[in-house]
Amino acid sequence: MVTPYQDGVCACNDRVVEICKSSPSSSEETAIFNYMRLRVLCFGRLRELLAPEIFVELTSPATVADLWKLLLERYPALAPYDRAIAIAVNQTFASSSTPLSPGDEVALLPPVSGGSPEPSLPLVSAHARLQRETIDSAALLAHTRDGEDGAVCVFDGIVRNHTRNRRTLYLEYDAYPSMALAEMEKLAAEALTRFAVRDLRIVHRIGHLEIGESSVLIVVASAHRAAAFDACRWIIDTLKKTVPVWKKEFFEDGSTWADGEPFPPEVSL
């Protein structure tokens with residue numbers, strides 16, 4: 001069904017079709033352009049710089065590179081993030097050449113450092129959990145360890161009371177919840193394949209955290225300590241680079257988003 005609009009523009013189903021009429025002196029031709037509408041989610045400091053979400057229209061076909069070029073033109077404040085940002089399409093890291101389709105959900109991800117836009121928490125997968133409530137480390141350790149284990153390695157990331165000689169009052173963590181959970185589960189699956197470990201769990205908090213509270217807890221169980229140590233270190237180091245969780249620090253004299261670690265080359269633009 002086609003709905004007429006003024007000035008030679010009509011809407012056809014979910015496409016916007018613009019009809020460009022030739023001038024009276026030229027032969028009569030019609031050029032048709034397809035437009036797609038995309039929802040772009042912003043996280044971390046980009047939510048304050050732009051908005052929690054924006055909507056853009058691109059001519060089709062288009063790629064992530066085309067979208068980023070348009071965003072840079074429309075929002076000059078994004079210039080410092082060129083070559084430092086990652087973009088996800090439908091909750092999967094995308095490259096510059098990734099094609100875009102009408103209705104895609106796109107996310108702009110600044111370098112990660114660990115309120116959420118999605119209130120439906122906790123989110124739980126086979127080996128990972130994203131939650132607002134306090135992490136019960138003792139319960140998680142008891143649940144993970146088993147009689148065949150010779151070692152259990154625990155990483156407990158704790159909110160400290162200072163950063164770069166400034167007194168920290170509290171932290172707030174923001175996340176792209178469903179993608180964060182998927183990335184943590186992906187890390188768990190890779191660690192179970194890469195290292196000789198029997199089982200593991202990853203739990204990350206978001207929202208408001210006080211000094212001394214745990215922000216992330218990783219428990220790795222194995223027959224031997226070396227594998228448990230290696231897997232635990234690899235998980236937290238990789239999590240800090242790839243899982244879309246951001247940290248905002250609140251000080252006595254102001255607040256700032258933590259810089260975060262650069263994305264790996266394979267996922268950054």
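User: Why is tyrosine 170 called partly exposed in this model?

Analyst: The model is a predicted one. In it, tyrosine 170 has a relative accessible area of 23%. Buried requires under 20% and exposed over 50%, with partly exposed in between; tyrosine 170 is therefore partly exposed.

User: What makes the rings of tyrosine 170 and phenylalanine 250 a stacked pair?

Analyst: Their ring centres lie 4.4 Å apart and their planes meet at 15°. Rings pair if their centres lie within 6.5 Å, and planes under 30 degrees apart count as stacked, so this pair is stacked. The pair also links distant parts of the chain: tyrosine 170 belongs to strand β15 (residues 166–175) and phenylalanine 250 to strand β19 (residues 245–251), 80 residues apart.

User: Is phenylalanine 250 buried or exposed, and how do you know?

Analyst: Phenylalanine 250 has a relative accessible area of 15%. The limit for buried is under 20%, so phenylalanine 250 is buried.

User: How many aromatic pairs does the whole structure hold, and why is the pair of phenylalanine 43 and tryptophan 246 called stacked?

Analyst: A search of the whole structure gives four aromatic pairs. For phenylalanine 43 and tryptophan 246, the ring centres are 5.3 Å apart and the planes are at 10°. With a limit of 6.5 Å for the centres and under 30 degrees for stacking, the pair is therefore stacked. Both residues are buried, and ring pairs join Phe43, Tyr176 and Trp246 into a cluster.

User: What makes arginine 166 count as a charge over the ring of phenylalanine 251?

Analyst: Arginine 166 lies over the face of phenylalanine 251, at 4.0 Å from the ring centre.

User: Why is serine 214 called buried, and which side chain makes a polar contact with its side chain?

Analyst: Serine 214, in strand β18 (residues 214–222), has a relative accessible area of 15%. Because buried means under 20%, serine 214 is buried. Its side chain makes a polar contact with the side chain of aspartate 156 at 2.6 Å, and the cut-off is 3.5 Å. Beyond four places in sequence, serine 214 touches residues including Ile135, Gly157 and Arg205.

User: Why is glutamate 261 called partly exposed, and which residues is it in contact with?

Analyst: Glutamate 261 has a relative accessible area of 33%. That value falls between the 20% and 50% limits, so glutamate 261 is partly exposed. Glutamate 261 lies in the segment after β20 (254–257). Leaving aside neighbours within four places in sequence, glutamate 261 is in contact with Pro111, Val112, Lys240 and Lys241.

Definitions and conventions. Residues numbered from 1 in each chain as written. Predicted model: local features only at pLDDT ≥ 70, side-chain atom pairs only at ≥ 80, totals over all residues. Heavy atoms only, no water. Helix = DSSP H or I, 4+ residues; strand = E, 2+ residues; numbered from the N terminus. Buried < 20%, exposed > 50% of the residue type's maximum accessible area, 1.4 Å probe, protein only. Polar contact = N/O pair within 3.5 Å; in protein donor to acceptor, adjacent residues only side chain to side chain. Contact = heavy atoms within 4.5 Å. Phe/Tyr/Trp six-rings, centres within 6.5 Å; stacked < 30°, edge-to-face > 60°. Lys NZ or Arg CZ within 6 Å of the ring centre and 35° of its normal.
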